[in-house]
Amino acid sequence: MPSEKQILHEKAVIDKFIKYIEAERRYSPLTVRNYRRDVEAFVAWLEREGERFDPARVTTSDLREWIVLRTKQGLSPASVNREVSSLRAFFRFLRRDGVVEQDVFRNTASMRTPKRLPVFVSGESMPSLLDMLDDMAASGEFGQVRDALVVLLFYKSGIRLAELVSINTGDFSSDGGELKVHGKGDKERIVPMVPSVRRRIEEYRALCNSMGIKVKDGALFVTTNGSRLSRTTIYRIVHRLLGESGMQGRKSPHVLRHTFATNLLDRGADMRDIQELMGHSSLKSTQIYTHNSIKALCEVYASAHPRQGDK
């Protein structure tokens, strides 16, 4: 077991790194939490023999042994790659500070991961979902109105879960036609609000006022006591409502984000415009949605071509 002195030493090193990605790199709270967990797990493993953590003594062989261990423990290639990314950032920071000299990741490649197309709500399922949201909004019941707006806003704006959680009423323009979104890396972008969403937001806020809900910290989505809804609560709202609408398979806010992007592409939107609306730093992230459209086109071709039986 590491001594108290060792624990304080490794904590200081990790805390300095965490402060760096929070203050200088402006990573999201969730990313910071994941990086800390990944680094602490790796450091604890290195100290399995009771030796003090010394970054300068870490080798490429150590990293490879760690990757093999995590794989044997059942982690998927994508999860292992995420952990390696955290460690890579940590050691890059240590090199910057002169704590280590060698790049132990130079000959460490990422594991191959199967390419998966984004999951989205199909055109056949969407009318059922929208009809259900309309009925909920018309109920006048606070929870129903709020939850319907949560799903509608995801679908109509394509924003991320963390972005929706952080929305404040002051983030909207004076006429409600635009929303300032605080995205990854503290980057801001403007997302237009279509009339149907603007109307629902106005109705929801009016309901909050009529119920005398005292909203805390200017949050848009709140509980009946005015507290901001958590990530977990919003995720559960989306999962439940997508399930109640009859959707099968994955049911998450990201599915609605994928649906937003896929619908825009299918309707002829420019790829660069979609990239800006989605808040993607790279066009490569946006181009994955073209695969959905090509796949759908091939299916239509296969079912409709007069000589579909040809090989």
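Arg 26 is found in the loop between helix 1 (4-23) and helix 2. Its phi is near 55°, a positive value in a residue other than glycine. Helices here are DSSP runs of H or I with at least four residues, strands are E runs of at least two, and both are numbered from the N terminus.

Asp 217 also has a positive phi, near 60°, and is not a glycine. Asp 217 belongs to the loop between helix 8 and helix 9, and with a relative accessible area of 70% Asp 217 is exposed.

## About the model

This is a predicted model, in which local features need pLDDT of at least 70 and side-chain atom pairs count only at pLDDT 80 or more, while totals for chains, interfaces and linings use all residues. Residues are numbered from 1 along each chain as its sequence is written, and side-chain values use heavy atoms, with hydrogens and water left out.

In soluble globular proteins, nonpolar side chains tend to be buried together. A nonpolar core is taken here as a set of buried Ala, Val, Leu, Ile, Met, Phe, Trp, Tyr and Cys residues joined through side-chain atoms within 4.5 Å. The largest one has 45 residues, of which Leu 153, Phe 154, Leu 164, Tyr 204, Phe 221 and Leu 256 touch the most other members. Elements giving two or more residues to this core include helix 5 (126-138), helix 7 (161-165), helix 9 (231-244) and helix 10 (253-266). Its largest share, 10 residues, comes from helix 6. A second, separate core of 29 residues has Val 13, Ile 67, Val 80 and Phe 93 among its members.

Val 39, in helix 2 (residues 29-46), is buried at 1% relative accessibility. Beyond its neighbours within four places in sequence, Val 39 is in contact (heavy atoms within 4.5 Å) with Ile 14, Phe 17, Ser 86, Leu 87 and Phe 90. Ile 14 is 25 residues from Val 39 along the chain, yet their C-alpha atoms are separated by 7.6 Å.

With a relative accessible area of 12%, Arg 146 is buried.

## One cavity

On a 1 Å grid over the protein atoms alone, a cavity is a set of points where a 1.4 Å probe fits but cannot get out, and lining residues have an atom within 4 Å of a point. Ala 137, Val 145, Ala 148, Leu 149, Arg 200 and Glu 203 form the lining, and helix 6 gives the largest share, 3 residues.

## A hairpin

Strand 1 and strand 2 (residues 188-192) pair in the antiparallel sense over 5 bridges; pairing requires at least two DSSP bridges. They form a hairpin with 5 residues between them, and Gly 185 in the turn has a positive phi of about 65°. Leu 179 and Val 181 make up the covered face of strand 1, whereas Glu 178, Lys 180 and His 182 are on the uncovered one.

Technical notes:
On a 1 Å grid over the protein atoms alone, a cavity is a set of points where a 1.4 Å probe fits but cannot get out, and a pocket is an open set with protein on both sides within 12 Å along at least five of seven lines; lining residues have an atom within 4 Å of a point. Buried means under 20% relative accessible area, exposed over 50%, partly exposed in between (1.4 Å probe, protein chains only).
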